[in-house]
Amino acid sequence: MNRWQKIAWYNLIIIFVSFSLTAAVVGILALKYGMPKALGGLGALGTLGLLGLSPVLFRKKEGKVDYDERDKLIFYRSIQIAYAVFWPVFTAACMVPWFIVGPNNSIPSNALPLMLGAVGITLVLMQSLTTLIQYGWGGKEKNHE
Amino acid sequence: MNRAQKMARFSLIVILIALSLSAITVSALYLVVGLPILRALAGFGFIGICGLTGLAPVLYKKERGKVDFDERDLLIQKKALLRAYTIFWFLFVLAAMIPFFILGPKGTISVKYLPAMVFGGMVTVMLVQSIVTLEEYGRGKKGQKK
């Protein structure tokens, strides 16, 4: 398994754990305190910040070939696919509230950072998934290290 | 000038015309006609001209039986896309976070801001992609004709 695959797996695990943890916390709080207060459990999504550690955890090794042309191609293709998914998601995130609320109404300003986060996570998720799919989920890839 | 360059040049011209006309109209409606700024912003309707960029693949069709692009063209295309999305993300984060910091977490913002973000994002990506493509080929002089 090469560096890109490790990063992709790490991202997928963090996203899955964060969403599971958040669902569990919100569920438990909803049973205990009721719904509006239970939404405080969304704070568990902060664990997604661990995604930023992937370049530190899976560092490039000095003096060793880190990737070849095939890895580069897979990386670019995963970005292309991720952005192909990104645009419908981004457009939907912007247009669905517009259709629901109506053109002359307002939305809470904290919806914007939430949208930013959701769109960003979708992009990372799609890139990680497409990277792993292209490498064959880790089984077929030769280690460059 | 190859196909990618022609398409980039066409997109760049269309976007610049749309942005210029919008800016001129908004300014004229606000400063000359004296409309309130919210009504003068209707001049941004000229951004719709950007829809013409969708004609680029039709106007500059791939020629059958001829090699359309090589590895260098592909590399330039990828570099242009990467730079376009790098700038897009920077602006997207600003567009999402600045209203949040100005209005505060309990403030509200007009829902019209959201479609503006989508169009702004699309225009940014197309504009940067076209500029980077033309810059990488050397603004038309060095790009080899296929």
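In which sense do strand β1 of chain A and β1(B) pair, and over how many bridges? Select residues 106–108 of chain A together with β1(B): the two strands pair in the antiparallel sense, over 3 bridges. Strands are DSSP runs (E, at least two residues), as helices are (H or I, at least four), numbered from the N terminus; strands pair if DSSP finds at least two bridges between them. Within this pairing, pick A:Ser106, which stands opposite B:Ser110.

This is a predicted model, in which local features need pLDDT of at least 70 and side-chain atom pairs count only at pLDDT 80 or more, while totals for chains, interfaces and linings use all residues. Residues are numbered from 1 along each chain as its sequence is written, and chains are lettered from A and ligands numbered from 1 in the order in which they are written.

Next, select the side of chain B that touches chain A. Here 22 residues of chain B are in contact with 20 residues of chain A (C-beta atoms, placed from the backbone, within 7 Å). On the chain B side, α4, β1 (108–110) and α5 each supply at least two residues, and α4(B) gives the most, with 9.

Now go to the largest nonpolar core, of 15 residues: buried Ala, Val, Leu, Ile, Met, Phe, Trp, Tyr and Cys joined through C-beta atoms within 7 Å, buried meaning 20 or more other C-beta atoms within 10 Å. The largest share, 7 residues, comes from α4(B). Select B:Val125, one of the members that touch the most others. Leaving aside neighbours within four places in sequence, B:Val125 is in contact with B:Ala84, B:Tyr85 and B:Phe88.

Finish at a second, separate core of 7 residues, including A:Phe90 and B:Leu114.

Key: A residue is buried if 20 or more other C-beta atoms lie within 10 Å of its own, exposed if 12 or fewer, and partly exposed in between; C-beta atoms are placed from the backbone. Two residues are in contact if their C-beta atoms, placed from the backbone, lie within 7 Å.
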